Number of protein chains: 2
Amino acid sequence: MTDTTKAGGDAGRAAARPGTAKSAPTIYDIAVLAGVNPSTVSRALSKPGRVSAKTAQKITDAAQELNYQVNVFARALPTGRTQTVGLIVSDITNPAYFEVIRGAETAASGRDYTLMLAESAESAELELTAARRMLATVDGLILASPRLSDEEIGLLASKKPVVVINRSVAGVASVVADTEVGVTDAVRHLAAMGHTAISYVAGPERSWMSQRRWESIKARCDWHGMQATVVASLPPTVDGGRRAAAGVRAGAATAVFCYNDLMAIGLMRELQSAGLTIPEELSILGFDNIFGSDFTTPPLSTIKSPLHELGVSAFRRVLDAVDQVDAGQEPPAPPTELVLRGSTGRAKGA
Amino acid sequence: MTDTTKAGGDAGRAAARPGTAKSAPTIYDIAVLAGVNPSTVSRALSKPGRVSAKTAQKITDAAQELNYQVNVFARALPTGRTQTVGLIVSDITNPAYFEVIRGAETAASGRDYTLMLAESAESAELELTAARRMLATVDGLILASPRLSDEEIGLLASKKPVVVINRSVAGVASVVADTEVGVTDAVRHLAAMGHTAISYVAGPERSWMSQRRWESIKARCDWHGMQATVVASLPPTVDGGRRAAAGVRAGAATAVFCYNDLMAIGLMRELQSAGLTIPEELSILGFDNIFGSDFTTPPLSTIKSPLHELGVSAFRRVLDAVDQVDAGQEPPAPPTELVLRGSTGRAKGA
DNA sequence: TTGTATGCGTTATCAG
DNA sequence: CTGATAACGCATACAA
């Protein structure tokens, strides 16, 4: 039976809407118009070069004329491929993700892929739900600063290509910014400004990157013979930063790193409203260099992350995995960079 | 032929990955395990109540045991439905979209829908591309402050349910914040502070909302017998705001509204770095009340938008359209609200 | 209530 | 190089 009629329920896409008459054209329509077999149309459209130039021309012309658009569902059914990759960020409200989203997005568009974005609102549970949902429809998944456990991530990665950003999970591809260079510069600067004791306001326990940043800071402080302590572990938000104020004041540090700019901003504002002057009485540093970190008074000194590159690079790596191309070496980690503004200064009494 | 074997290319999802053995279970697998017909499984899983409680139980049990997951593509093929709605924002970098995204997202999750997010980077062309791409895979589309022309939007809306946020297009459902109340309060406040001439820094020409806000401001100023003028039309970004500085200084206004907070922040900072003191020499007002608008010195006075409600409401309306339920009345526009902070004060010389 | 038969639009296999 | 045909997994008229 080579029935080319389009019978059956018209439940298809583009049906029943006011302006839309009949359902979208298919390769069958193109086939009759071009006088070839549907399978030839399929070939011509999906694998260039596997069909004679002449018929290919006829077919593309016919497709153009009918304003043909592939039905991605029909295509995905036999192939399992969707030309879509997912990106899950832990908090859409954190400006730090702006650029990683942009980076991934542009990289995706450039390769004719679509990016599917979701957030987990800092909840491991929601993150898992979102990840599972996405996994069913995407070719690969990018997890930015995931709150999931290593096991959960490994499980996801066993089903589809997964790349994690700013985290390291055994057996899973990852793209991590090199915190070293920014931290090295920052601590050296602090030392030069007479600081001898610093503290660190950590982010969530589950945050691999928070841990990583602390280790880096600790190591450099040791090197300089400075004292370094963690004062708290709180949500990576402005409010989290505020809540760190008491702990910070209780300590003896004259300079404090916060896990990210959001926390640094919260901490600074809370301290200021309690009467402290920044940086005269305390130096504050954040991480990321987000939108708004230069709005504050004083503007925030911070360690800038290569957010855009992270997004681009992560997308590239999923695609490599999807296409089974051997990624070769892990690409070098893009470096961080110290951005000195007004929230850091000479140590009090130094 | 009721062949239940799973032959053919194993190109399906979850194939060829290290840990994954055979392809995912289907309703056929469930059917044999539960001892019923596949179509019964389909019914049991998609339309609760159309199958006897007993068999339903058997089927859900079997599904559970096999860890069954519907293949959304296979489902989408005959039905055309994907349980997914798209949201396109004009600039993912604008914090104003945080809450509309969150709103739409939570509303979507609540109804077991997935939100697909994209941005257009303030480009009408990219927006159209993104919209077209999405249209093929979603059940409905939300356009937040689109830069598209009315015709283009109408065309999209003729194919799938479309809802626009903060814009009005003939024949297309829309959700718009009521600017009136916020503006009314703001202008009244300004009048009380002795201002008699205000100016407006407009956003993009294509921005319906920028126009809307201006009309609202103009009307209230007229009412108070105040003079009101537009000084520029620029990109709705911090940099756009900076570029408005010269025009603002050239005018005689003692208070200026900016299309949004981003512009207001840019304008304020530029003016300040040129030596002006805010609000003593000039009062500045923004719109939206975004993240960071209270970080500045002085903190920005602004007209807060019901961003979250806009997102929620927009999602609801697409869903109504998708489900063909008569939306009934246009829901009332959620109101804006004046938020007085430090960037507004008594008119200079008043 | 449940089973039967078929279609959804595309890709893939196998002949010719 | 091209044509015929069988999956891909699910939903749904229709019959029983």
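In the contact between the two chains, 54 residues come from chain B and 54 residues from chain A. The structure described here is a predicted model. About 4,600 Å² of area is buried between chain B and chain A, and carbon and sulfur atoms give 58% of it.

Charged pairs also span this interface. Over all chains, a search of the whole structure finds 32 salt bridges, and eight salt bridges are found across the interface of chain B and chain A. In one salt bridge, B:Glu119 is paired with A:Arg102, and the closest N and O atoms lie 2.5 Å apart. Another salt bridge is formed by the side chains of A:Asp112 and B:Arg133, with an N to O distance of 3.9 Å. A:Asp112 belongs to the loop between helix H5 (96–110) and strand S2 (114–119) of chain A, while B:Arg133 belongs to helix H6 (residues 124–135) of chain B, so this pair joins two chains.

Helix packing within chain A is illustrated by helix H1 (residues 27–34) and helix H3 (residues 53–66), whose axes come within 9 Å and cross at roughly 120°. With this angle, H1(A) is oblique to H3(A). The crossing of H1(A) past H3(A) is right-handed. On the side of H1(A), the contact involves A:Asp29, A:Ile30, A:Leu33 and A:Ala34, which meet A:Lys58, A:Ile59, A:Ala62, A:Ala63, A:Glu65 and A:Leu66 of H3(A). Sorted by class, the residues in the contact of H1(A) with H3(A) comprise seven nonpolar, no polar and three charged.

In chain B, helix H1 (residues 27–34) packs against helix H2 (residues 38–46) at an angle of about 105°, and the axes of the two helices are 8 Å apart. H1(B) is therefore roughly perpendicular to H2(B). The residues in contact are B:Ile27, B:Tyr28, B:Ile30 and B:Ala31 from H1(B), together with B:Pro38, B:Val41, B:Ser42 and B:Leu45 from H2(B).

From H5(B), the residues B:Ala96, B:Glu99, B:Val100, B:Arg102, B:Gly103, B:Ala104, B:Thr106, B:Ala107 and B:Ala108 take part, meeting B:Leu307, B:His308, B:Gly311, B:Val312 and B:Phe315 of H13(B). The contact of H5(B) with H13(B) divides by class into eight nonpolar, four polar and two charged residues.

In chain A, the peptide bond from A:Ile278 to A:Pro279 is cis, with omega near 5°. A:Pro279 is located in the loop between helix H12 (261–273) and strand S9 (283–288) of chain A. A cis peptide bond also joins A:Thr297 and A:Pro298, where omega is about -5°. The loop that holds A:Pro298 runs between S9 and strand S10 (301–304) of chain A. In chain B, B:Glu122 has a positive phi of about 65°, although this residue is not a glycine. B:Glu122 lies in the loop between strand S2 (114–119) and H6 of chain B.

Definitions and conventions. Residues are numbered from 1 along each chain as its sequence is written. Chains are lettered from A and ligands numbered from 1 in the order in which they are written. This is a predicted model: local features need pLDDT of at least 70, side-chain atom pairs count only at pLDDT 80 or more; totals for chains, interfaces and linings use all residues. Side-chain values use heavy atoms; hydrogens and water are left out. Axes are lines fitted to C-alpha atoms, for helices over the stretch in contact, and angles run from 0 to 180 degrees between N-to-C directions. Helices (H or I, at least four residues) and strands (E, at least two) are DSSP runs, numbered from the N terminus. Angles under 35 degrees count as roughly parallel, over 145 as roughly antiparallel, 65 to 115 as roughly perpendicular and the rest as oblique. A crossing is left-handed if the near helix is turned anticlockwise from the far one by less than a right angle, and right-handed if clockwise. Contact means heavy atoms within 4.5 Å. Ala, Val, Leu, Ile, Met, Phe, Trp, Tyr, Cys and Pro count as nonpolar, Asp, Glu, Lys and Arg as charged, and the others, Gly among them, as polar. Buried area is the accessible area (1.4 Å probe) that two parts lose on being put together, summed over both. A salt bridge is a side-chain nitrogen of Lys or Arg within 4 Å of a carboxyl oxygen of Asp or Glu.
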